[in-house]
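Hi everyone, thanks for coming. Let me put today's structure on the screen, and then we'll walk through it together.

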Amino acid sequence: MALYLFLANLTQVSELDISHNDITGILDGRLFPNDSNQPKTGLLSLKYLLFQRTQLGGQIPKEIGNLKFLVSLVLDYSHFNGPLPPSLGNLSNLQALRVIGNQLSGPIPATLGTLSKLTDVRLMYNQLSGVVPPELGNHSLLTILCTVIYYYSCWDFGICLEKKIVNEFG
């Protein structure tokens, strides 16, 4: 089964949960609103995007950052690769970001530090590198931060903290 583009016509859908199935393909950027002045299409009202344990893959599209009402983005244990898009920093209502167990790589975007409503960030079991943006440690609402950062040829499993954020990488 594939993820079909007709879903972009569902402009009033607030929750899309396609978890725990064998859906295949990519998460196409055309599913999400574009940032142009043209008539709006895409999953405009989406608050919860849940694609856990699917066969979806490819890069997370930058257009996901146009989901202005998104509260929860959960893409755990699928087949996403490439970098986390910096456009995630546009998701001003985002409270939960979970991308556990994919093949994501590159740095954690510093733009995540601007998301003041984040309470739950789980990025572990990917190939992310660099540092945890220090700004994440300044969020009073953040209660869970779980990361595993890849340094050249070793893993550091030292960051999975609840209710207390310690910046060991800054």
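Let's begin with a question: leaving aside its neighbours within four places in sequence, which residues is Asp120 in contact with? Before I answer, please keep in mind that this is a predicted model.

So, here is the list. Asp120 touches Gln95, Ala96, Leu97 and Arg98, and also Leu142 and Ile144, once neighbours up to four places away in sequence are set aside. You'll find Asp120 in strand 9, which covers residues 120-122. Is Asp120 buried or exposed? It is buried, because its relative accessible area is 12%, and the cut-off for buried is under 20%. Asp120 also has a charged partner: its side chain meets that of Arg122 in a salt bridge, at 2.8 Å from N to O.

That brings me to the salt bridges. How many does the structure hold? There are 4 of them. As a general point, side chains of opposite charge can pair when their charged atoms come close. Another one links Asp28 and Arg30, with an N to O distance of 2.8 Å. Look at the two ends: Asp28 counts as buried at 17% relative accessibility, while Arg30 counts as exposed at 56%. Then there is the bridge between Glu63 and Lys62, at 3.9 Å from N to O. Here Glu63 is partly exposed, with 24% relative accessible area, and Lys62 is exposed at 57%.

What about the nonpolar residues? In soluble globular proteins, nonpolar side chains tend to be buried together. In this model, the largest nonpolar core has 39 residues, and Leu49, Phe51 and Leu97 are among those with the most contacts inside it. Leu49 touches several residues beyond four places away in sequence, including Leu16, Phe32, Ile64 and Leu73.

Finally, turn to the surface. Tyr4, Phe6 and Leu10 make a nonpolar patch of about 320 Å². Phe6 sits in the segment before strand 1, and it is exposed, with a relative accessible area of 51%.

Technical notes: Residues numbered from 1 in each chain as written. Predicted model: local features only at pLDDT ≥ 70, side-chain atom pairs only at ≥ 80, totals over all residues. Heavy atoms only, no water. Patch = residues over 30% accessible without salt bridge, like charges linked within 9 Å, V, L, I, M, F, W, Y side chains within 5 Å. Areas by Shrake-Rupley, 256 points an atom, 1.4 Å probe, with all protein chains shown as cover. Helix = DSSP H or I, 4+ residues; strand = E, 2+ residues; numbered from the N terminus. Buried < 20%, exposed > 50% of the residue type's maximum accessible area, 1.4 Å probe, protein only. Contact = heavy atoms within 4.5 Å. Core = buried A, V, L, I, M, F, W, Y, C linked by side-chain atoms within 4.5 Å.
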